[in-house]
Amino acid sequence: MNSSLLSRFVTVFFAIALCEFSGLAQKSGPHNKTFSDSLKIEGLLKKMTIDEKVGQMSLFLSEESIITGPSQTKDSRDLIRAGKVGGIFNVHTVDNVRELQRIAVEESRLKIPLLFGLDVIHGYRTIFPIPLGQASSWDLEGIEKAERIAATEATADGIDWTFAPMVDLARDPRWGRVSEGAGEDTWLGCRIAAARVRGFQGRDLKDPRSLLACAKHFAAYGAALAGRDYNTVDMSTLSLYEWYLPTYDACVHAGVGSIMTSFNEINGTPSTSNKWLLTDILRKSWGFKGFVVTDFNAINELVPHGVAEDLKDAARLALNAGVDMDMQGSAYITSLPEILNQKKITIKQIDDAVRRILLVKIKMGLFDDPYRQCTHEREKKEIFTHDNLAFARKMVSESCVLLKNEKNILPITQTVKSIAVIGPLADSKQDMLGNWDATGRSEDCITLLAGVRGHVADNIVVEYKKGCNVSDNDTSGFRAAVKLASESDFVILALGEEGELSGEASSRTNIDLPGIQNEFARAILKIGKPTVVVLFNGRPLAISNLSSHAPAILETWFGGTQAGNGIADVLFGDYNPSGKLTMTFPRNVGQIPIFYNTKNTGRPFNQADSNEKYVSRYLDSPNTPLYPFGFGLSYTSFAYSNLIIGVLGKTIKVEVTITNSGNREGEEIAQLYVHQKVGSITRPLKELKGFQKVFLKKGEAKTLSFSLSKDDLAFFHPDLKKSFEPGEYLFFVGGNSVDTMQKAISLK
Ligand code: GLC
């Protein structure tokens with residue numbers, strides 16, 4: 001071996017040894033860096049120019065991309081050929097992806113494969129209910145399977161990275177992005193987040209049907225002041241630790257390979273330049289070994305945030321904070337080489353970022369097969385299959401929440417001979433997709449009208465009138481709709497939001513039904529026919545007016561491709577609704593933020609003694625919500641009895657008997673809540689600590705058993721350390737967060 005080759009080998013060998021020694025090589029998780037990984041990474045690093053290194057840290061749209069932010073697309077081929085691109089996003093189809101990847105691995109100097117990212121948020125081509133809808137199923141296995149199907153479809157089409165799961169805790173339904181998450185509870189949110197990461201990434205990132213997941217938006221994006229998107233986040237560090245950070249940590253524990261920074265600041269420092277967040281917490285405290293990508297242009301936005309003088313300053317701050325990849329902003333590619341020369345950053349910072357990105361690409365098998373078996377054959381065989389659609393239909397039904405059902409109007413019986421399907425959302429294909437519909441096609445969607453028509457026997461007449469629009473004040477359609485309702489045995493009234501009224505950049509100050517829908521609903525309801533309102537929406541709605549008039553309300557969110565079929569299965573009783581709200585429905589926007597796990601305060605308002613003045617209450621509204629967290633009705637009923645609490649060694653055992661006291665089989669989501677009566681700091685009145693989804697035949701009873709450890713009851717203290725406190729605890733069990741049985745126990 002000649003001397004120069006020997007010296008290079010020795011250098012690379014010591015670089016690897018240093019990495020191994022410095023603990024970069026971890027022993028567990030999908031990112032454990034093996035010796036051969038290190039060899040490959042250090043070997044590449046040695047050859048890479050600065051431009052090529054910074055190129056790996058750059059993510060771009062290409063001219064074929066779907067636009068999801070404030071930017072234009074341009075042809076990326078020359079940049080790819082020059083080795084200046086680490087990933088492309090929002091480009092799909094086998095041909096487009098293979099062409100760009102071919103340029104990267106055949107025409108660039110070092111032939112490093114690209115990542116191909118896209119927002120696969122609730123399905124890829126087979127679109128599932130929006131995440132807030134799927135969360136209402138409380139079906140962790142079902143949610144995981146839905147993401148697995150999404151991953152299989154997306155990877156067949158060339159995508160290998162999804163910008164999901166969105167795990168931002170949200171207590172403010174004015175914020176349109178609540179549609180993308182799992183709602184207001186940290187404990188449930190952590191379990192749903194982990195299920196979604198498992199679904200996307202599978203058991204092995206190298207599996208060509210696995211998608212690299214990206215937990216977002218780190219952090220606390222859902223706490224934007226006034227529910228206004230991109231707005232300031234300002235909260236105590238204790239609240240951040242107790243409520244908002246755990247869902248991201250749950251993704252790290254589930255092995256998520258990437259994390260996306262959020263647009264917002266937290267207490268004065270934007271996430272994208274927040275070293276405490278991205279390095280101290282994410283890497284040093286939680287041990288995250290994947291890479292950090294920014295949200296769209298987020299480095300550039302450090303300038304309007306007012307923490308960076310210019311783009312170079314912004315790039316410096318982001319790199320110092322721990323950002324590895326720049327989404328679309330070109331901040332890194334235009335600034336890092338220059339500020340490196342000015343010694344404002346170090347080559348080690350750049351190398352470490354590139355190491356993390358290359359390690360994930362190795363773990364994904366991109367160097368073994370850059371195309372990850374995305375072929376037209378897979379595309380034809382694995383996308384939009386019958387089985388995928390059948391499962392999507394099941395998830396639609398499971399995601400529905402029955403909010404009201406006076407006189408058991410539902411399910412619709414076969415005695416009904418004529419059905420009026422009325423309303424602005426009754427036959428809207430596009431709105432069934434909700435927002436972030438990836439490559440979902442509106443023409444694929446089964447509307448409510450189509451689902452009802454497809455479900456009934458030939459002798460049942462189903463007629464349709466739109467009646468009004470979603471968001472304007474046109475009443476010209478009222479008369480025909482009222483006439484049809486008057487002439488029908490049963491009325492299905494489809495109301496709610498258009499798909500684009502929730503999602504990104506879609507905050508609303510008025511979250512009642514938009515437009516003239518309340519007036520329209522009253523015109524239909526006063527006819528007095530058996531009527532069910534079917535709600536289509538991406539957020540909790542303050543529908544006090546509607547709720548006081550409608551005898552039955554079924555919350556269906558935006559159900560995706562199979563919306564109409566899954567809803568019809570519920571309306572006609574093929575599926576007994578079991579969904580439960582994971583986000584509180586307020587009576588009015590003035591109550592917001594309103595959520596179930598509140599504190600008692602020193603002057604609690606006692607509903608029973610409503611004349612008390614000097615208590616925590618409103619003069620013009622009850623404190624209670626319209627529909628509480630965990631709420632959802634069934635076509636049957638469930639009775640809870642024999643609640644027993646005991647301690648067995650270190651385990652707290654909770655047992656309860658649940659009986660199907662109604663007249664048909666069904667599923668119930670039995671919920672377990674806990675309250676620490678006296679703490680070193682104030683404690684929430686209830687905190688979800690367990691649930692079981694149980695199927696019971698008519699009259700059947702089962703004893704459910706829950707086991708908790710003291711760690712399950714631990715909470716963060718002002719010193720940001722988590723620990724359990726002995727004392728008196730209340731345990732609650734029930735079918736929602738309000739109607740529960742309770743028992744006290746003293747825990748040492
Ligand atoms: C958007 C969203 C983010 C998404 C990204 C890429 O601005 O904030 O959730 O993943 O851009 O489309």
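The legends below describe close-up views of a predicted model.

**View 1. Strand 6 and the cover on its two faces.**
Strand 6 spans residues 258-261. In a regular strand the side chains alternate between the two faces of the sheet. Here Ser258 and Met260 lie on one side of strand 6, and Ile259 and Thr261 lie on the other. All four of these residues are buried, so both faces of the strand are covered, buried being under 20% relative accessible area.

**View 2. Strand 6 paired with strands 5 and 9.**
Strand 5, residues 214-218, pairs with strand 6 in the parallel sense, and three bridges connect them. Strand 9, residues 291-293, also runs parallel to strand 6 and is joined to it by three bridges.

**View 3. The shell of residues around the ligand.**
The ligand has 13 residues around it, and Thr68, Asp119, Lys216, His217 and Asp295 come nearest. By residue class, the shell consists of six nonpolar, two polar and five charged residues. Lys216 and His217, which are among the nearest residues, fall within the range of strand 5, residues 214-218.

**View 4. Polar side-chain atoms at the ligand oxygens.**
For histidine 217, an N or O atom of the side chain lies 2.7 Å from a ligand oxygen. For arginine 177, the distance from a polar side-chain atom to a ligand oxygen is 2.8 Å. For glutamate 504, the corresponding distance is 3.2 Å. On its own the ligand has 310 Å² of accessible area, and the protein covers 100% of that area.

**View 5. Arginine 283 in helix 11.**
Helix 11 runs over residues 275-285 and contains arginine 283. Why does arginine 283 count as buried? Its relative accessibility is 12%, and the cut-off for buried is under 20%. The side chain of arginine 283 makes a polar contact of 2.7 Å with the side chain of aspartate 324. It also reaches the backbone oxygen of phenylalanine 288, at 3.3 Å.

**View 6. The surroundings of arginine 283.**
Leaving aside residues up to four places away in sequence, arginine 283 touches Leu278, Phe288, Lys289, Gly290, Phe291, Val292, Gly322, Asp324 and Arg356.

Conventions
Residues numbered from 1 in each chain as written. Predicted model: local features only at pLDDT ≥ 70, side-chain atom pairs only at ≥ 80, totals over all residues. Heavy atoms only, no water. Buried < 20%, exposed > 50% of the residue type's maximum accessible area, 1.4 Å probe, protein only. Helix = DSSP H or I, 4+ residues; strand = E, 2+ residues; numbered from the N terminus. Pairing = 2+ DSSP bridges. Near = heavy atom within 4 Å. Polar contact = N/O pair within 3.5 Å; in protein donor to acceptor, adjacent residues only side chain to side chain. Areas by Shrake-Rupley, 256 points an atom, 1.4 Å probe, with all protein chains shown as cover. Nonpolar A, V, L, I, M, F, W, Y, C, P; charged D, E, K, R; others polar. Contact = heavy atoms within 4.5 Å.
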